[in-house]
Amino acid sequence: MTATSTATPVRAPSSSAPSDHPPIARGKVGVVLANLGTPDATDYWSMRRYLSEFLSDQRVVDYPRWKWQPLLQLIILTRRPFSSGKAYKSIWNQEKNESPLLTITRAQTEKFARAMKARHGDTVEVDFCMRYGNPSTRSVLNRLQQKGCKRIVFFPLYPQYGSPTTATANDEAFRALMKMKWQPALRTVPAYFEHSAYQQALASSIEEAYASFDERPTKLVMSYHGVPERYLLEGDPYHCQCQKTTRLLRERLGFDEAEVDTAFQSQFGPEKWVGPQTVEHVAALARQGHRHIAIASPAFAADCVETLEEIQEEIRDSFIAAGGETFSYIPCLNDRDDHIQALVAIAGDELAGWLTPNEDTSFRE
Ligand SMILES: C=CC1=C(C)c2cc3[nH]c(cc4nc(cc5[nH]c(cc1n2)c(C)c5CCC(=O)O)C(CCC(=O)O)=C4C)c(C)c3C=C
Ligand SMILES: [Fe+2]
Ligand SMILES: [Fe+2]
(Lines give C-alpha, C1' and ligand atoms only; values in the text may rest on other atoms or scores of the structure.)
(Ligands and ions follow the chains in the order given, each with its own letter.)
Protein backbone atom coordinates (compact mmCIF):
# COMPACT_ATOMS: atom_id res chain seq x y z
CA MET A 1 0.00 0.00 0.00
CA THR A 2 1.44 3.29 -0.97
CA ALA A 3 0.19 6.62 0.22
CA THR A 4 1.34 8.80 -2.56
CA SER A 5 0.34 8.03 -6.10
CA THR A 6 3.04 10.19 -7.68
CA ALA A 7 5.95 8.28 -9.18
CA THR A 8 9.22 8.69 -7.34
CA PRO A 9 11.28 11.32 -9.07
CA VAL A 10 14.50 9.58 -9.83
CA ARG A 11 16.95 12.10 -11.13
CA ALA A 12 20.29 11.96 -12.72
CA PRO A 13 23.02 13.24 -10.44
CA SER A 14 24.08 16.87 -10.81
CA SER A 15 25.94 17.99 -13.89
CA SER A 16 29.18 17.96 -11.93
CA ALA A 17 28.73 14.26 -11.18
CA PRO A 18 30.23 11.71 -13.56
CA SER A 19 27.85 10.55 -16.31
CA ASP A 20 28.00 6.95 -15.12
CA HIS A 21 26.94 7.90 -11.56
CA PRO A 22 23.99 5.73 -10.41
CA PRO A 23 20.59 7.54 -10.44
CA ILE A 24 19.52 9.07 -7.13
CA ALA A 25 15.92 9.01 -5.87
CA ARG A 26 14.69 12.33 -4.53
CA GLY A 27 14.61 12.65 -0.75
CA LYS A 28 11.41 11.64 0.98
CA VAL A 29 10.43 10.83 4.53
CA GLY A 30 8.87 7.40 5.14
CA VAL A 31 6.40 6.51 7.87
CA VAL A 32 5.85 2.79 8.46
CA LEU A 33 3.04 1.45 10.63
CA ALA A 34 4.16 -1.91 12.03
CA ASN A 35 1.89 -4.57 13.46
CA LEU A 36 2.46 -8.07 14.74
CA GLY A 37 1.55 -10.23 11.78
CA THR A 38 -0.82 -12.96 10.98
CA PRO A 39 -0.91 -16.25 9.04
CA ASP A 40 -1.46 -16.21 5.26
CA ALA A 41 -4.10 -18.96 5.57
CA THR A 42 -5.62 -21.23 8.24
CA ASP A 43 -4.39 -24.63 6.99
CA TYR A 44 -1.88 -26.62 9.03
CA TRP A 45 1.27 -25.60 7.11
CA SER A 46 0.41 -21.91 6.88
CA MET A 47 -0.33 -21.87 10.61
CA ARG A 48 2.81 -23.83 11.39
CA ARG A 49 4.99 -21.48 9.33
CA TYR A 50 3.54 -18.43 11.06
CA LEU A 51 3.66 -19.87 14.59
CA SER A 52 7.16 -21.21 14.05
CA GLU A 53 8.47 -17.77 13.02
CA PHE A 54 6.59 -16.09 15.87
CA LEU A 55 7.41 -18.54 18.65
CA SER A 56 11.07 -18.90 17.58
CA ASP A 57 11.56 -15.19 18.28
CA GLN A 58 13.56 -14.97 21.50
CA ARG A 59 11.88 -11.66 22.31
CA VAL A 60 8.61 -13.62 22.57
CA VAL A 61 9.83 -16.85 24.19
CA ASP A 62 13.24 -16.19 25.69
CA TYR A 63 14.33 -19.73 26.62
CA PRO A 64 17.73 -20.86 25.28
CA ARG A 65 17.37 -22.18 21.71
CA TRP A 66 18.78 -25.63 22.48
CA LYS A 67 16.06 -26.13 25.08
CA TRP A 68 13.13 -24.44 23.32
CA GLN A 69 13.51 -25.46 19.66
CA PRO A 70 13.10 -29.26 20.17
CA LEU A 71 10.03 -28.64 22.35
CA LEU A 72 8.60 -26.12 19.88
CA GLN A 73 9.29 -28.03 16.66
CA LEU A 74 8.55 -31.57 17.88
CA ILE A 75 5.66 -31.06 20.28
CA ILE A 76 4.02 -27.61 20.22
CA LEU A 77 4.02 -27.18 16.45
CA THR A 78 2.47 -30.59 15.87
CA ARG A 79 -0.68 -29.58 17.80
CA ARG A 80 -1.01 -25.80 18.04
CA PRO A 81 -1.45 -25.15 14.28
CA PHE A 82 -4.70 -27.14 14.48
CA SER A 83 -6.20 -25.34 17.48
CA SER A 84 -4.98 -21.90 16.39
CA GLY A 85 -6.09 -22.62 12.80
CA LYS A 86 -9.59 -23.36 14.11
CA ALA A 87 -9.62 -20.06 16.01
CA TYR A 88 -8.47 -18.10 12.94
CA LYS A 89 -10.99 -19.93 10.73
CA SER A 90 -13.85 -18.75 12.95
CA ILE A 91 -12.92 -15.08 12.43
CA TRP A 92 -11.39 -15.18 8.91
CA ASN A 93 -12.35 -12.40 6.48
CA GLN A 94 -13.87 -14.65 3.80
CA GLU A 95 -14.46 -11.84 1.35
CA LYS A 96 -10.79 -10.87 1.19
CA ASN A 97 -9.46 -14.27 2.18
CA GLU A 98 -7.23 -12.85 4.89
CA SER A 99 -7.15 -12.37 8.63
CA PRO A 100 -8.99 -9.40 10.17
CA LEU A 101 -5.72 -8.02 11.56
CA LEU A 102 -4.45 -7.60 8.01
CA THR A 103 -7.72 -6.10 6.73
CA ILE A 104 -7.84 -3.59 9.58
CA THR A 105 -4.15 -2.67 9.42
CA ARG A 106 -4.55 -1.95 5.69
CA ALA A 107 -7.64 0.20 6.32
CA GLN A 108 -5.81 2.10 9.08
CA THR A 109 -2.84 2.69 6.77
CA GLU A 110 -5.02 3.99 3.92
CA LYS A 111 -6.76 6.49 6.20
CA PHE A 112 -3.51 7.41 7.94
CA ALA A 113 -1.80 7.96 4.57
CA ARG A 114 -4.60 10.27 3.39
CA ALA A 115 -4.43 12.28 6.61
CA MET A 116 -0.62 12.50 6.48
CA LYS A 117 -0.71 13.60 2.85
CA ALA A 118 -3.30 16.27 3.66
CA ARG A 119 -1.07 17.55 6.45
CA HIS A 120 2.44 17.11 5.05
CA GLY A 121 2.04 16.77 1.26
CA ASP A 122 3.86 14.38 -1.06
CA THR A 123 7.14 14.42 0.82
CA VAL A 124 5.78 11.71 3.09
CA GLU A 125 5.54 8.12 1.94
CA VAL A 126 3.38 5.82 4.10
CA ASP A 127 3.22 2.03 4.24
CA PHE A 128 2.62 -0.79 6.73
CA CYS A 129 4.53 -3.93 7.56
CA MET A 130 4.30 -6.96 9.81
CA ARG A 131 6.88 -8.41 12.19
CA TYR A 132 5.92 -11.99 11.22
CA GLY A 133 4.50 -13.05 7.85
CA ASN A 134 3.61 -10.55 5.15
CA PRO A 135 4.22 -7.82 4.15
CA SER A 136 7.56 -8.33 5.83
CA THR A 137 9.40 -5.49 7.56
CA ARG A 138 12.43 -5.98 5.31
CA SER A 139 10.46 -5.81 2.03
CA VAL A 140 8.70 -2.60 3.07
CA LEU A 141 11.84 -0.83 4.33
CA ASN A 142 13.71 -1.86 1.18
CA ARG A 143 10.93 -0.47 -0.99
CA LEU A 144 10.87 2.85 0.86
CA GLN A 145 14.65 3.12 0.72
CA GLN A 146 14.55 2.52 -3.04
CA LYS A 147 11.83 5.17 -3.37
CA GLY A 148 14.22 7.69 -1.92
CA CYS A 149 13.28 7.78 1.77
CA LYS A 150 16.42 8.97 3.48
CA ARG A 151 14.60 9.28 6.78
CA ILE A 152 12.03 6.84 8.14
CA VAL A 153 9.74 7.00 11.17
CA PHE A 154 9.06 3.42 12.24
CA PHE A 155 5.81 3.21 14.21
CA PRO A 156 5.07 -0.06 16.10
CA LEU A 157 1.31 -0.04 16.67
CA TYR A 158 1.46 -0.99 20.35
CA PRO A 159 0.18 1.64 22.79
CA GLN A 160 2.22 0.02 25.60
CA TYR A 161 5.90 -0.89 25.14
CA GLY A 162 6.49 -4.64 25.35
CA SER A 163 9.72 -6.51 24.65
CA PRO A 164 7.72 -9.27 22.82
CA THR A 165 6.07 -6.64 20.59
CA THR A 166 7.66 -3.15 20.32
CA ALA A 167 11.24 -4.28 20.86
CA THR A 168 11.13 -7.13 18.38
CA ALA A 169 9.45 -4.92 15.75
CA ASN A 170 12.28 -2.40 16.15
CA ASP A 171 14.93 -5.16 16.13
CA GLU A 172 13.58 -6.38 12.80
CA ALA A 173 13.62 -2.88 11.32
CA PHE A 174 17.25 -2.40 12.30
CA ARG A 175 18.11 -5.87 10.96
CA ALA A 176 16.70 -4.77 7.59
CA LEU A 177 18.89 -1.65 7.68
CA MET A 178 21.95 -3.81 8.35
CA LYS A 179 21.78 -5.05 4.74
CA MET A 180 21.56 -1.65 3.06
CA LYS A 181 24.45 0.08 1.37
CA TRP A 182 22.77 3.47 1.88
CA GLN A 183 20.95 3.19 5.15
CA PRO A 184 18.19 5.71 5.93
CA ALA A 185 18.07 7.47 9.30
CA LEU A 186 15.46 5.70 11.43
CA ARG A 187 13.41 6.98 14.33
CA THR A 188 11.22 4.59 16.31
CA VAL A 189 7.97 5.76 17.88
CA PRO A 190 7.80 5.09 21.63
CA ALA A 191 4.81 3.80 23.61
CA TYR A 192 1.89 6.18 23.26
CA PHE A 193 -0.64 5.05 25.90
CA GLU A 194 -0.23 8.39 27.72
CA HIS A 195 -0.73 10.56 24.63
CA SER A 196 -3.84 12.65 25.19
CA ALA A 197 -5.18 12.13 21.64
CA TYR A 198 -4.92 8.36 22.09
CA GLN A 199 -6.52 8.48 25.55
CA GLN A 200 -9.31 10.65 24.18
CA ALA A 201 -10.03 8.25 21.31
CA LEU A 202 -10.14 5.34 23.77
CA ALA A 203 -12.42 7.25 26.16
CA SER A 204 -14.76 8.26 23.31
CA SER A 205 -15.04 4.66 22.12
CA ILE A 206 -16.10 3.60 25.60
CA GLU A 207 -18.50 6.50 26.11
CA GLU A 208 -20.15 5.76 22.75
CA ALA A 209 -20.54 2.08 23.65
CA TYR A 210 -21.99 2.97 27.07
CA ALA A 211 -24.48 5.38 25.45
CA SER A 212 -25.74 2.49 23.29
CA PHE A 213 -26.40 0.10 26.20
CA ASP A 214 -29.96 -0.26 27.59
CA GLU A 215 -28.50 -0.79 31.04
CA ARG A 216 -25.16 0.41 32.42
CA PRO A 217 -22.67 -2.45 32.97
CA THR A 218 -21.63 -2.86 36.60
CA LYS A 219 -18.04 -3.50 35.57
CA LEU A 220 -15.68 -2.45 32.77
CA VAL A 221 -12.88 -5.00 32.34
CA MET A 222 -9.76 -3.78 30.53
CA SER A 223 -8.27 -7.00 29.17
CA TYR A 224 -4.64 -6.78 27.99
CA HIS A 225 -2.56 -9.48 26.33
CA GLY A 226 -0.50 -11.12 29.09
CA VAL A 227 3.24 -11.73 29.43
CA PRO A 228 5.23 -14.01 31.74
CA GLU A 229 5.59 -12.38 35.17
CA ARG A 230 9.36 -12.89 34.88
CA TYR A 231 9.51 -10.37 32.00
CA LEU A 232 8.17 -7.71 34.38
CA LEU A 233 10.69 -8.70 37.07
CA GLU A 234 13.47 -8.50 34.47
CA GLY A 235 12.59 -4.92 33.53
CA ASP A 236 9.88 -4.99 30.86
CA PRO A 237 7.52 -2.05 31.67
CA TYR A 238 4.56 -3.52 29.75
CA HIS A 239 2.59 -4.60 32.84
CA CYS A 240 3.03 -1.19 34.52
CA GLN A 241 2.06 0.66 31.35
CA CYS A 242 -1.12 -1.45 31.10
CA GLN A 243 -2.05 -0.57 34.69
CA LYS A 244 -1.42 3.10 33.93
CA THR A 245 -3.49 2.94 30.73
CA THR A 246 -6.43 1.78 32.82
CA ARG A 247 -5.93 4.47 35.47
CA LEU A 248 -5.62 7.33 32.98
CA LEU A 249 -8.67 6.13 31.10
CA ARG A 250 -10.73 5.72 34.27
CA GLU A 251 -9.80 9.25 35.40
CA ARG A 252 -10.69 10.67 31.98
CA LEU A 253 -14.03 8.85 31.99
CA GLY A 254 -14.74 9.85 35.59
CA PHE A 255 -15.58 6.25 36.51
CA ASP A 256 -15.30 4.99 40.12
CA GLU A 257 -12.26 2.88 40.95
CA ALA A 258 -14.52 -0.08 41.74
CA GLU A 259 -16.12 0.12 38.32
CA VAL A 260 -13.00 -0.67 36.26
CA ASP A 261 -10.71 -3.74 36.51
CA THR A 262 -7.49 -4.70 34.74
CA ALA A 263 -6.96 -8.30 33.63
CA PHE A 264 -4.62 -10.21 31.28
CA GLN A 265 -5.48 -12.82 28.66
CA SER A 266 -3.90 -15.32 26.25
CA GLN A 267 -1.65 -17.16 28.69
CA PHE A 268 0.75 -19.56 26.95
CA GLY A 269 2.95 -22.28 28.45
CA PRO A 270 3.60 -23.40 32.01
CA GLU A 271 5.32 -20.29 33.44
CA LYS A 272 3.47 -17.90 35.76
CA TRP A 273 2.02 -14.98 33.76
CA VAL A 274 0.80 -11.62 35.04
CA GLY A 275 -2.77 -11.74 36.25
CA PRO A 276 -5.57 -11.93 36.99
CA GLN A 277 -6.42 -14.02 33.96
CA THR A 278 -9.37 -12.51 32.13
CA VAL A 279 -11.07 -15.85 31.50
CA GLU A 280 -11.14 -16.61 35.25
CA HIS A 281 -11.76 -13.02 36.30
CA VAL A 282 -15.01 -12.66 34.31
CA ALA A 283 -16.30 -15.94 35.77
CA ALA A 284 -15.52 -14.66 39.27
CA LEU A 285 -17.38 -11.42 38.45
CA ALA A 286 -20.46 -13.42 37.36
CA ARG A 287 -20.32 -15.45 40.58
CA GLN A 288 -20.14 -12.20 42.58
CA GLY A 289 -23.45 -11.17 40.98
CA HIS A 290 -22.37 -8.99 38.05
CA ARG A 291 -25.00 -9.58 35.36
CA HIS A 292 -23.78 -7.14 32.72
CA ILE A 293 -20.10 -6.41 32.10
CA ALA A 294 -18.29 -4.53 29.34
CA ILE A 295 -14.86 -5.49 28.13
CA ALA A 296 -12.28 -3.52 26.13
CA SER A 297 -8.82 -4.54 24.97
CA PRO A 298 -6.47 -1.54 24.75
CA ALA A 299 -3.22 -3.44 24.11
CA PHE A 300 -4.36 -3.99 20.53
CA ALA A 301 -4.58 -1.22 17.95
CA ALA A 302 -6.69 -3.53 15.77
CA ASP A 303 -9.12 -6.35 16.42
CA CYS A 304 -7.46 -9.71 15.92
CA VAL A 305 -7.78 -13.36 16.85
CA GLU A 306 -7.18 -12.48 20.51
CA THR A 307 -10.24 -10.21 20.64
CA LEU A 308 -12.57 -11.61 17.99
CA GLU A 309 -12.13 -15.23 19.02
CA GLU A 310 -10.62 -15.36 22.50
CA ILE A 311 -12.62 -12.52 24.07
CA GLN A 312 -15.82 -12.78 22.09
CA GLU A 313 -16.04 -16.55 22.22
CA GLU A 314 -13.94 -18.17 24.98
CA ILE A 315 -14.05 -15.37 27.56
CA ARG A 316 -17.71 -14.58 26.85
CA ASP A 317 -18.61 -18.29 27.32
CA SER A 318 -16.77 -18.30 30.66
CA PHE A 319 -18.85 -15.33 31.90
CA ILE A 320 -22.16 -16.79 30.73
CA ALA A 321 -21.38 -20.29 32.08
CA ALA A 322 -20.75 -18.75 35.53
CA GLY A 323 -24.18 -17.04 35.54
CA GLY A 324 -23.53 -13.75 33.72
CA GLU A 325 -26.18 -12.45 31.33
CA THR A 326 -24.89 -9.63 29.12
CA PHE A 327 -21.31 -9.47 27.88
CA SER A 328 -20.60 -6.33 25.85
CA TYR A 329 -17.36 -6.31 23.89
CA ILE A 330 -16.14 -2.82 22.93
CA PRO A 331 -14.08 -3.07 19.72
CA CYS A 332 -10.49 -1.90 19.40
CA LEU A 333 -9.94 1.58 17.98
CA ASN A 334 -9.26 0.12 14.51
CA ASP A 335 -9.79 2.76 11.79
CA ARG A 336 -11.98 5.13 13.83
CA ASP A 337 -11.29 8.69 12.71
CA ASP A 338 -10.20 9.84 16.17
CA HIS A 339 -7.75 6.92 16.38
CA ILE A 340 -6.24 7.80 13.00
CA GLN A 341 -5.99 11.46 14.04
CA ALA A 342 -4.22 10.34 17.23
CA LEU A 343 -1.74 8.27 15.19
CA VAL A 344 -1.13 11.27 12.93
CA ALA A 345 -0.42 13.47 15.97
CA ILE A 346 1.93 10.86 17.49
CA ALA A 347 3.80 10.36 14.19
CA GLY A 348 3.96 14.15 13.85
CA ASP A 349 5.83 14.40 17.16
CA GLU A 350 8.51 12.03 15.83
CA LEU A 351 8.75 13.84 12.48
CA ALA A 352 9.90 17.05 14.18
CA GLY A 353 12.61 18.74 12.13
CA TRP A 354 12.35 16.28 9.27
CA LEU A 355 9.81 18.12 7.16
CA THR A 356 11.38 21.49 6.53
CA PRO A 357 9.57 22.88 3.43
CA ASN A 358 11.39 22.31 0.14
CA GLU A 359 14.19 20.53 1.86
CA ASP A 360 15.86 18.02 -0.40
CA THR A 361 17.21 15.38 1.94
CA SER A 362 18.64 13.22 -0.81
CA PHE A 363 21.79 14.80 -2.11
CA ARG A 364 23.67 18.00 -1.52
CA GLU A 365 25.02 19.37 -4.77
C1 LIG B 1 4.18 -17.22 23.65
C2 LIG B 1 4.23 -16.08 24.18
C3 LIG B 1 3.54 -14.83 23.77
C4 LIG B 1 3.81 -13.59 24.34
C5 LIG B 1 4.80 -13.27 25.43
C6 LIG B 1 2.97 -12.66 23.65
C7 LIG B 1 2.90 -11.29 23.95
C8 LIG B 1 2.09 -10.37 23.28
N9 LIG B 1 1.37 -10.56 22.11
C10 LIG B 1 0.69 -9.41 21.79
C11 LIG B 1 -0.15 -9.20 20.68
C12 LIG B 1 -0.70 -10.24 19.88
N13 LIG B 1 -0.51 -11.59 20.03
C14 LIG B 1 -1.25 -12.26 19.07
C15 LIG B 1 -1.32 -13.62 18.88
C16 LIG B 1 -0.53 -14.57 19.55
N17 LIG B 1 0.31 -14.35 20.64
C18 LIG B 1 0.96 -15.53 20.97
C19 LIG B 1 1.94 -15.70 21.96
C20 LIG B 1 2.52 -14.67 22.75
N21 LIG B 1 2.23 -13.34 22.72
C22 LIG B 1 0.49 -16.53 20.05
C23 LIG B 1 0.95 -17.98 20.04
C24 LIG B 1 -0.42 -15.94 19.16
C25 LIG B 1 -1.11 -16.57 17.96
C26 LIG B 1 -2.47 -16.98 18.20
C27 LIG B 1 -2.53 -18.22 19.01
O28 LIG B 1 -2.02 -19.24 18.57
O29 LIG B 1 -3.08 -18.12 20.11
C30 LIG B 1 -1.95 -11.30 18.26
C31 LIG B 1 -2.96 -11.59 17.18
C32 LIG B 1 -2.40 -11.85 15.79
C33 LIG B 1 -3.50 -12.10 14.77
O34 LIG B 1 -3.15 -12.60 13.72
O35 LIG B 1 -4.69 -11.86 14.94
C36 LIG B 1 -1.60 -10.03 18.75
C37 LIG B 1 -2.03 -8.69 18.21
C38 LIG B 1 1.00 -8.43 22.80
C39 LIG B 1 0.45 -7.01 22.82
C40 LIG B 1 1.87 -9.03 23.71
C41 LIG B 1 2.49 -8.47 24.94
C42 LIG B 1 3.26 -7.43 25.02
FE1 LIG C 1 0.63 -12.53 21.55
FE1 LIG D 1 -5.18 -16.35 22.21
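1. The chain splits into domain 1 (26–42 + 92–191 + 338–350) and domain 2 (196–329), with bounds that come from an automatic or database domain assignment. Bear in mind that this is a predicted model: local features need pLDDT of at least 70, side-chain atom pairs count only at pLDDT 80 or more, and totals for chains, interfaces and linings use all residues. Residues are numbered from 1 along each chain as its sequence is written, while chains are lettered from A and ligands numbered from 1 in the order in which they are written.

2. Contacts link 20 residues of domain 1 with 20 residues of domain 2; a contact here needs C-beta atoms, placed from the backbone, within 7 Å. On the domain 1 side, the elements giving two or more residues are α3 (100–120), α5 (163–178) and α11 (337–350), and α11 gives the most, with six residues. Helices (H or I, at least four residues) and strands (E, at least two) are DSSP runs, numbered from the N terminus. By class, that side of domain 1 has eleven nonpolar, eight polar and one charged residues. The classes are Ala, Val, Leu, Ile, Met, Phe, Trp, Tyr, Cys and Pro as nonpolar, Asp, Glu, Lys and Arg as charged, and the others, Gly among them, as polar.

3. The axes of α6 (residues 196–212) and α8 (residues 238–253) come within 10 Å and cross at roughly 60 degrees; axes are lines fitted to C-alpha atoms, for helices over the stretch in contact, and angles run from 0 to 180 degrees between N-to-C directions. The two are therefore oblique (under 35 degrees is roughly parallel, over 145 roughly antiparallel, 65 to 115 roughly perpendicular, and the rest oblique). The crossing of α6 and α8 is right-handed, that is, the near helix is turned clockwise from the far one by less than a right angle, with anticlockwise being left-handed. Gln199, Leu202, Ala203, Ile206 and Glu207 of α6 meet Leu248, Leu249, Arg252 and Leu253 of α8, which makes six nonpolar, one polar and two charged residues.

4. α4 (residues 137–146) and α5 have axes that come within 9 Å and cross at roughly 50 degrees, so this pair is oblique too, and the crossing is right-handed. Thr137, Arg138, Leu141 and Asn142 from α4 meet Glu172, Ala173, Ala176 and Leu177 from α5. The tally is four nonpolar, two polar and two charged residues.

5. Asparagine 134 and proline 135 are joined by a cis peptide bond, omega about -5 degrees, and proline 135 sits in the loop between β4 (124–132) and α4. Glycine 275 to proline 276 is also cis, omega near 0 degrees; proline 276 is in the loop between β8 (260–265) and α9.

6. Serine 266, in the loop between β8 and α9, has a positive phi of about 65 degrees. Asparagine 334 has a positive phi of about 45 degrees and lies in the loop between β10 (326–329) and α11.

7. Finally, histidine 290, in the loop between α9 (278–287) and β9 (292–296). Its C-alpha atom is 6.3 Å from that of threonine 218, 72 residues away along the chain. Beyond neighbours within four places in sequence, histidine 290 contacts Thr218, Lys219, Leu285 and Gly324.

Conventions
Two residues are in contact if their C-beta atoms, placed from the backbone, lie within 7 Å.
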